Amino acid sequence: MKAPWLRSFTLLYLVFLYSPIILLPIFAFNDSKVVAFPLTGFTLGWFREMFSDVNLRIAAKNSLIIALSVATLSTILGIFAARASVRYRFPGKAAIMGLIMLPLVLPEMIVAMALLVVLLSMGVPLSLFTVIIGQVLICTPFAVAILTSAFQSLDRSLEEAAMDLGETQWSTFRLIVLPLVMPGILSSFLICFTIAFDEFIVANFLGSGQPILSVYIFGQFRFPAKVPSMLALGTVLVCMSIILLGFAEYMRRRGIAKAGGKDTGGFL
Amino acid sequence: MTFSDDRPTMIEFKDVHKYYGDYHALRGINGTIKAGEFFSLLGPSGCGKTTLLRTIAGFEDISSGVIMIDGKDMAGVAANVRPTNMVFQSYAIFPHMSVAENVGFGLRKDPRSKEEKARAVAEALEMVGLKGYGNRAAHALSGGQRQRVALARALILKPKVLLLDEPLSALDKKMREHMQVELIKLQRQVGITFILVTHDQEEALVMSDRIAVMFEGEIAQLADPETLYRRPATKKVADFIGTMNFVPAEILSETGNAVEVDAKGLGRVMLDIAQAPAKAGESPVVGLRPETLTLLYDDQKPSERETDGVIDEVIYFGDMTYYDVYLGGTDVEVRLSMRNVPGRPVLDVGEKVRVAWSPSALVLFR
């Protein structure tokens with residue numbers, strides 16, 4: 001490295017990015033209602049308070065339901081879209097794929113507002129279900145991106161070989177394609193789960209005041225006394241995210257290695 | 001080379017056409033492939049040879065025409081029920097299965113017992129020289145081993161026709177030459193019709209009973225290797241297979257069984273009509289292979305025909321030396337090859353030489 005300032009800049013950038021996250025566990029274990037240095041002592045009290053909060057438990061349960069549903073639906077839709085985009089040629093393919101991927105760059109706020117207006121005018125009552133619909137829209141592009149790479153690393157002649165050896169289209173998909181893209185499917189599921197679990201905008205707009213974790217946390221920050229227990233919750237969520245994303249990346253890499261392909265980059 | 005003549009027909013093409021949109025990939029393929037034959041589809045990339053192979057396998061529909069395999073029309077017959085199996089260029093070994101699972105994959109619906117199937121797998125592996133490899137993970141194999149697995153996997157179903165799509169192109173030179181011989185032996189052993197797609201003319205000559213040379217979606221010539229090499233039907237085939245010198249010539253007279261030409265630098269020659277394939281509307285040239293030309297050393301007697309020349313280039317290959325020689329004071333340059341035997345020195349650029357040749361080695365393209 002010829003330019004030492006580049007190294008300093010990189011370091012500074014990383015500190016700026018991650019030091020606030022490191023503060024979460026520090027204050028979550030700090031024995032004080034005030035989030036400020038110096039630290040006053042070690043406690044597990046905030047975690048206890050967090051786990052005894054009934055509303056928080058409902059919010060966590062709702063968020064879990066939403067995240068699991070969104071991850072399942074997005075991944076299934078992603079499988080169809082990715083398979084079609086890799087394998088088949090059809091009129092308007094580029095436009096269709098572009099529209100599917102668009103929510104990735106579209107401001108989420110716009111998606112949420114538009115959906116709110118449409119759903120209300122259609123007379124659909126807001127519920128967890130409407131949150132799920134909105135988040136599927138947001139998550140599907142991620143699923144498609146991950147699964148496209150999984151399907152792309154699959155050598156087409158593998159399928160032809162299976163057909164050549166007497167299998168039908170469906171049994172070929174079941175015996176050859178599915179096992180080989182399974183790591184991609186898992187990794188897509190996990191990433192969609194993570195995105196949906198802490199998604200705020202759609203949850204806030206389309207949730208009709210149902211307790212949902214991200215919205216609930218935001219609300220609790222109005223009460224200074226609640227902040228430390230929210231930091232404890234944050235600590236738990238950070239740990240969960242790291243585990244999930246790590247696992248997802250591991251599955252993605254394993255899938256590529258298994259199919260004999262080359263790694264063309266991923267999330268981590 | 002009469003091997004193929006008295007054999008029953010295994011595959012028959014009748015005016016097969018294939019379009020990809022506007023692109024005319026196969027332009028009227030006709031011909032037969034005999035049972036038990038080692039048949040090669042040879043041509044440069046994009047000539048349609050792989051497309052033709054894939055239409056036999058059933059991976060591509062044909063736009064018009066008929067493909068018969070073993071007397072049955074293959075129209076509407078899907079790949080998974082055709083009596084053909086394929087060895088893919090990439091080998092297409094299932095990476096999530098063991099070697100034995102790969103080889104036994106086609107036996108999934110076979111009514112035989114587990115033990116019998118396991119025995120069949122072991123036999124197939126032994127046949128390709130991979131005895132005891134059954135439990136290995138497929139993705140951990142070398143290129144040559146993958147190819148053997150692909151062969152065993154295809155042959156275990158005892159197909160009527162084995163299709164090989166450039167199976168040796170991914171191997172290094174030594175391994176390739178080794179596998180060429182192994183494939184020939186294997187084909188003799190199992191007696192199944194092999195159809196090989198290759199762009200390597202040497203490989204096709206070495207391995208095949210008969211070869212179809214393809215250019216731009218058409219079969220330019222279908223013949224046994226020797227005929228293909230000695231009597232190419234067109235200038236393009238001659239140029240594609242081995243090295244051939246082309247000398248401009250003038251046709252002096254033609255009768256029913258002979259053609260007299262005046263070849264630049266060689267002089268007047270009388271050719272048998274068999275040396276003059278059908279007209280293609282080109283300006284006439286005579287073709288001659290480098291090994292049919294010989295340098296005469298001082299002590300050697302004059303030959304049937306000889307021409308003076310000047311060496312323009314010397315290319316030394318160890319066992320052989322190639323000389324580029326200007327013929328008889330003209331600007332016609334031919335390449336000739338001489339074996340480097342004791343007592344035969346390698347000559348220098350600029351030396352005057354005598355070149356001996358035989359009219360019977362000439363082919364006329366016009």
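Some ground rules. This is a predicted model, where local features need pLDDT of at least 70, side-chain atom pairs count only at pLDDT 80 or more, and totals for chains, interfaces and linings use all residues. Residues are numbered from 1 along each chain as its sequence is written, and chains are lettered from A and ligands numbered from 1 in the order in which they are written.

Chain B to begin. It has eight helices and 20 strands. Helices (H or I, at least four residues) and strands (E, at least two) are DSSP runs, numbered from the N terminus. The C-alpha atoms of chain B fill a box of roughly 75 × 50 × 40 Å along the principal axes. Of its 366 residues, 39% are buried. Buried means 20 or more other C-beta atoms within 10 Å of the residue's own, with C-beta atoms placed from the backbone. Now contacts: two residues are in contact if their C-beta atoms, placed from the backbone, lie within 7 Å. Among contacts in chain B between residues at least 6 apart in sequence, 65% join residues at least 24 apart.

Next, the strands near the start of the numbering. Two strands pair if DSSP finds at least two bridges between them. E1(B), residues 9-20, and E2(B), residues 23-34, run antiparallel and share nine bridges. They form a hairpin with two residues between them. In that turn, B:Gly21 has a positive phi of about 60 degrees. E1(B) also pairs with E4(B), residues 64-69, antiparallel, over five bridges. Look at B:Ile11. It stands opposite B:Ile33 in E2(B), and opposite B:Ile69 in E4(B).

Now the six-stranded sheet. It is open, with order E6-E7-E8-E3-E9-E10 in chain B and mixed pairing. Which strands stand at its edges? E6(B) and E10(B) do; each has a single partner strand, so one side of each is left without a neighbour in the sheet. Neighbouring strands are turned by 20 degrees against each other on average, direction ignored. E3(B) and E8(B) pair in the parallel sense over five bridges. In that pairing, B:Leu41 has B:Val197 in E8(B) as its bridge partner. Helix H1(B), residues 49-57, packs on this sheet and touches E3, E6, E7, E8 and E9 of chain B. The direction of H1(B) makes about 150 degrees with that of E7(B). Axes are lines fitted to C-alpha atoms, for helices over the stretch in contact, and angles run from 0 to 180 degrees between N-to-C directions.

There is also a five-stranded open sheet in chain B. Its order is E15-E19-E16-E17-E18, with antiparallel pairing. E15(B) and E18(B) are the edge strands, each with a single partner strand. The twist averages 50 degrees from one strand to the next. Six bridges join E16(B) to E19(B), and B:Glu306 has B:Ala356 as its bridge partner in E19(B).

Over to chain A. The axes of H3(A), residues 54-87, and H6(A), residues 128-152, come within 6 Å and cross at roughly 40 degrees.

Last, the interface. The contact takes 17 residues from chain A and 18 residues from chain B. On the chain A side, H7(A) and H8(A) are the elements that give two or more residues. H7(A) gives the most, with six.

Key
A residue is buried if 20 or more other C-beta atoms lie within 10 Å of its own, exposed if 12 or fewer, and partly exposed in between; C-beta atoms are placed from the backbone.
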